Amino acid sequence: MDVTIIPSQLRGTVTPPASKSVGHRALIAAALSVGASRISRLTPSQDMEATLSCLTALGTGVEWTGPDQVAVHGLGNSIPQRGPFPRLDCGESGSTLRFLIPVALAVSGGEPLEFTGRGRLMERPQGPYFSLFQEKGIFYQQKDGVLTVRGTLKPGIYSLPGDVSSQFITGLLFALPLLDGNSEIVLTTPLESRGYVDLTLDVLRTFGIRVEERADAFHVPGSQHYESRDFTVEADWSQAAFWYAANFAGGQVDIQGLNMDSTQGDKVIALQYWQLAKPGDAELDVSQCPDLVPPLAAMAAVRAGTTHLTHAARLRMKESDRLYTVAAALRAMGTQVEEGLDSLTIHGQERLPGGGAVDCCNDHRIAMMAAVSAAFAQSPVTLLGAECVRKSYPEFWNHFIQLGGEAHGLVLR
């Protein structure tokens, strides 16, 4: 779907969707619990559907009981679930894939498991897991877009880099409590995206799991049992960030439903908004909040000064090479941007010229960044493949129109 954004004013009230990060974690914890849980305020995005599909394939009972509520009948964790298992299709969700690889190994009873996905998902690096598999004697093979693993996780020491992706740490934090002995996750490099690990620990505590945090390590007692819960997913700060970007460009959007005490790392957008509001050159280290780079770049494009977004190399392995696609989108709208190996340098101006076409590259965050930026440009901007917002924010275009945005060619669901 190609959409042409006509410059307009965005104003009104919006409630961002439920946190994708929290939703994934709550569903997995519920799936590992004994008994039934109810997960409320869950946005049925493509990524959430991928996690639900994989949990069902592992034997979890899942039932939508309302438009945003799911009943989860847990596997329990005392007896491994026996295969054969159908292929686990993770869609384009990196969280689904990386969280569930160790979880599936913990509940499979040694049966072979196959994971697949779409887009760039199966190209995204799994090196930290592969190194552990070689060390622990777990078979793995990645061929023709399918990852096959076979074996069982055993209690022990699991050494992982902290600066590749926190998703590997989260996957192990979910799986290791199920084992029959104590384990420890040892970080070999400093931890980045710390907020995502905090989210995991928060959800684990809610579902009755104990993890002891130590210097550069997490001690995970074994033989634990997840406890079923009724759980409400809070609103997503990473999606709210695009409405922060709209306000930065001149909008008047009242963003509601956010938990100001959230452990979501992307809550830092509220502070970064005011940092960028100050004129002059600015530098932001985004190693702890890589998903905020698109909305931060949108803000940087319309501020008085040059902005450097640094330590962002991991963005090259997202749904798109997000350093390249952010830069290309802003250039298409008339912004001067320099792309480094792990950084972006953006030269701000009072208002974007607009008038170009942005290829969204099947990346939901590129589409949302381009939409809010184009709304305040001087000339219309065409977004190519704008339907990709369904991956994480299915209601984005509805909300955009309700706030006064004008989009030609839009087909609302």
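The model is a predicted one, in which local features need pLDDT of at least 70, side-chain atom pairs count only at pLDDT 80 or more, and totals for chains, interfaces and linings use all residues. Residues are numbered from 1 along each chain as its sequence is written, and side-chain values use heavy atoms, with hydrogens and water left out.

Helices (H or I, at least four residues) and strands (E, at least two) are DSSP runs, numbered from the N terminus. D144 is not a glycine, yet its phi is positive, at about 55°. With a relative accessible area of 72%, D144 is exposed; the word means over 50%, while buried means under 20% and partly exposed is in between (1.4 Å probe, protein chains only). N362 also has a positive phi, near 55°, and is likewise a residue other than glycine. N362 sits in the loop between β22 (357–359) and α11, and its relative accessibility of 41% makes it partly exposed.

Some loop residues are buried instead. L32, in the loop between α1 and β3 (33–34), counts as buried at 2% relative accessibility. From L32 to S159 it is 127 residues in sequence and 24 Å in space, C-alpha to C-alpha. Q224 belongs to the loop between β14 (217–220) and β15 (226–227) and, at 8% relative accessibility, is buried too. Between the C-alpha atoms of Q224 and D359 there are 48 Å, with the two residues 135 apart along the chain.

Next come the aromatic rings. Rings of Phe, Tyr and Trp (its six-membered ring) pair if their centres lie within 6.5 Å; planes under 30 degrees apart count as stacked, over 60 as edge-to-face and the rest as tilted. This rule gives 16 aromatic pairs. Take F130 and F133: their ring centres are 6.5 Å apart and their planes stand at 45°, so this pair is tilted. Both belong to helix α4 (residues 127–136), where being three residues apart separates them by about one helical turn. F130 is buried, at a relative accessible area of 16%, and F133 is buried at 4%. Ring pairs also tie Y129, F130, F133, Y140 and F168 together as a cluster.

Charged side chains turn up over rings as well. A charge sits over a ring if NZ of Lys or CZ of Arg is within 6 Å of the ring centre and within 35 degrees of the ring normal. K136 lies over the face of Y158, at 4.3 Å from the ring centre.

What about the cysteines? A disulfide is a covalent bond between the sulfur atoms of two cysteines, and here the test is a pair of cysteine sulfur atoms within 2.5 Å. Searching the whole structure turns up zero disulfides. For C90, the nearest cysteine sulfur is that of C54, 3.9 Å away, and C90 is in no disulfide. C90 is buried, with a relative accessible area of 0%, and C289 is buried at 3%.

On a 1 Å grid over the protein atoms alone, a cavity is a set of points where a 1.4 Å probe fits but cannot get out, and a pocket is an open set with protein on both sides within 12 Å along at least five of seven lines; lining residues have an atom within 4 Å of a point. Grid points are joined across faces, edges and corners, and a volume is the space filled by probe spheres set on the points. The largest pocket has a volume of about 470 Å³. It is lined by 33 residues, and S95, R124, Q167, D291 and K318 are the closest to its centre. The elements giving two or more residues to this lining are α1 (20–31), α3 (94–107), α5 (166–175) and α11 (364–374). Its lining residues split into seven nonpolar, eleven polar and 15 charged. Here Ala, Val, Leu, Ile, Met, Phe, Trp, Tyr, Cys and Pro count as nonpolar, Asp, Glu, Lys and Arg as charged, and the others, Gly among them, as polar.

The whole structure also holds four cavities of 30 Å³ or more. The largest cavity has a volume of about 50 Å³, and its lining includes A245, A298, L352 and F376. By class, that lining has seven nonpolar residues, one polar and no charged.
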